[in-house]
Amino acid sequence: MSIVASADGTPIGFTAAGSGRTIVIVNGALSTAADAAPLAQALTDAGFRAVVWDRRARGASGDRTGSTPDDEVADLAAVIEAAGGADAVLGHSSGAVLALYAASRGVPTGALFLSEPPIDFDGQGFGEDLPARLQALVDAGTPEEAVASFQLDAVGLPAEMVEAGRASGQLAALAPLGQSTVYDALLTLRLRRAEGALLDVSVPVTVLRGAQTFPFLVAAADRLADEIADAELVIVPESIMHRPDPAATARVIGERL
């Protein structure tokens with residue numbers, strides 16, 4: 001894995017594979033670059049060069065106390081520059097939110113492919129105190145509890161599902177990503193009730209969602225496609241319950257690039 005320094009000096013790990021037009025993948029919450037491997041493989045199989053990276057406070061990347069969504073924007077910009085530019089950015093879940101925010105801030109993303117972005121247009125989601133509560137859990141040495149609280153309050157998983165994850169060891173396995181839940185919560189709040197400059201991007205935008213996914217994500221994806229001028233909404237039947245199908249996603253991108 002290669003390392004690039006972000007604007008604040010934080011090391012960000014990334015890997016590029018394949019040849020052809022460059023697609024930078026931006027992961028969602030509670031995931032690392034390794035989780036994007038199936039998407040990257042599908043893209044390389046389709047003739048693209050795929051770039052995966054660890055967002056701040058994940059995997060091979062570093063962190064800085066007090067990091068903000070703008071730091072994550074700078075991280076993406078650094079990865080794109082280190083990769084020699086991007087023809088497109090594929091963001092999934094909160095990664096799609098970050099990709100859109102970065103484009104609105106002038107990062108040269110190329111075309112945007114936004115997979116099920118959880119944008120809270122109506123401001124009905126979690127309270128603005130959530131990032132501070134998550135940070136307190138991390139600072140107390142209980143990142144596993146930060147993950148659990150994020151799953152309950154931000155993702156909206158049922159308590160019994162979260163407890164099942166605790167019993168199976170899944171929460172413990174995700175504990176190293178506890179700090180990143182703070183940043184995903186901050187990012188989601190930054191684009192709450194998104195309008196104006198946040199949606200005024202000058203690159204082609206394709207919004208993707210599955211036919212079978214969570215109702216909130218259906219509403220958010222459909223509304224985002226309506227709110228962004230000339231954006232296209234693509235329903236991907238193969239993508240089920242917030243899991244983008246790699247081959248189908250690569251096909252959608254290939255048809256538009």
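This is a predicted model: local features need pLDDT of at least 70, side-chain atom pairs count only at pLDDT 80 or more; totals for chains, interfaces and linings use all residues.
1. Fold content. The protein carries eight strands and ten helices. Its radius of gyration is 17 Å, close to the 18 Å given by the globule rule for 257 residues, so the protein is as compact as a globular protein of that length. Along the principal axes, the C-alpha atoms occupy a box of roughly 45 × 40 × 35 Å.

2. Of the 257 residues, 52% are buried. Among contacts with a sequence separation of 6 or more, 73% are between residues 24 or more positions apart.

3. Surface. The accessible surface amounts to about 10600 Å². Carbon and sulfur atoms account for 53% of that area.

4. Charge. There are 33 negative side chains and 17 positive ones. The centres of the two sets are 1 Å apart. The structure contains 22 salt bridges, and the next points take up some of these pairs.

5. Asp184 and Arg55. These two side chains form a salt bridge, with an N to O distance of 3.0 Å. Asp184 belongs to helix α8 (residues 178–190), while Arg55 is in the loop between β4 (49–53) and α2 (69–82), so the bridge ties together parts 129 residues apart in sequence. Are the two partners buried or exposed? Both Asp184 and Arg55 are buried.

6. Asp71 and Arg64. A salt bridge joins Asp71 to Arg64, and the closest N and O atoms are 2.4 Å apart. Asp71 has a relative accessibility of 12% and therefore counts as buried. Arg64, at 32% relative accessibility, counts as partly exposed.

7. Asp70 and Arg105. In this salt bridge the closest N and O atoms lie 3.6 Å apart. Asp70 sits in helix α2 and Arg105 in the loop between α3 (94–104) and β6 (111–115), so the pair ties together parts that are 35 residues apart in sequence. Asp70 is partly exposed, its relative accessible area being 28%. Arg105 has 53% relative accessibility and counts as exposed, because the cut-off for that class is over 50%.

8. Backbone at Ala57. Most residues other than glycine have a negative phi. Ala57 is not a glycine, yet its phi is positive, at about 70°. Where is Ala57 found? Ala57 is in the loop between β4 and α2, and Arg55 is in that loop as well. With a relative accessible area of 12%, Ala57 is buried.

9. Backbone at Met241. Met241 also has a positive phi, of about 50°, although it is not a glycine. This residue is placed in the loop between β8 (232–240) and α10 (246–256). Met241 is partly exposed, with a relative accessible area of 37%.

10. Items to view in the model. For charges, the pairs described include the buried Asp184 and Arg55 and the bridge from Asp70 to Arg105. For the backbone, the residues described are Ala57, with phi of about 70°, and Met241, with phi of about 50°.

Definitions and conventions
Residues are numbered from 1 along each chain as its sequence is written. Side-chain values use heavy atoms; hydrogens and water are left out. Helices (H or I, at least four residues) and strands (E, at least two) are DSSP runs, numbered from the N terminus. The radius of gyration is taken over C-alpha atoms; the globule rule is 2.2 Å times the number of residues to the power 0.38. Buried means under 20% relative accessible area, exposed over 50%, partly exposed in between (1.4 Å probe, protein chains only). Contact means heavy atoms within 4.5 Å. Accessible areas come from the Shrake-Rupley method with a 1.4 Å probe; for residues, only the protein chains shown count as cover. Lys and Arg count as positive and Asp and Glu as negative; His and the chain ends are not counted. The place of a charge is taken as NZ of Lys, CZ of Arg, CG of Asp or CD of Glu. A salt bridge is a side-chain nitrogen of Lys or Arg within 4 Å of a carboxyl oxygen of Asp or Glu.
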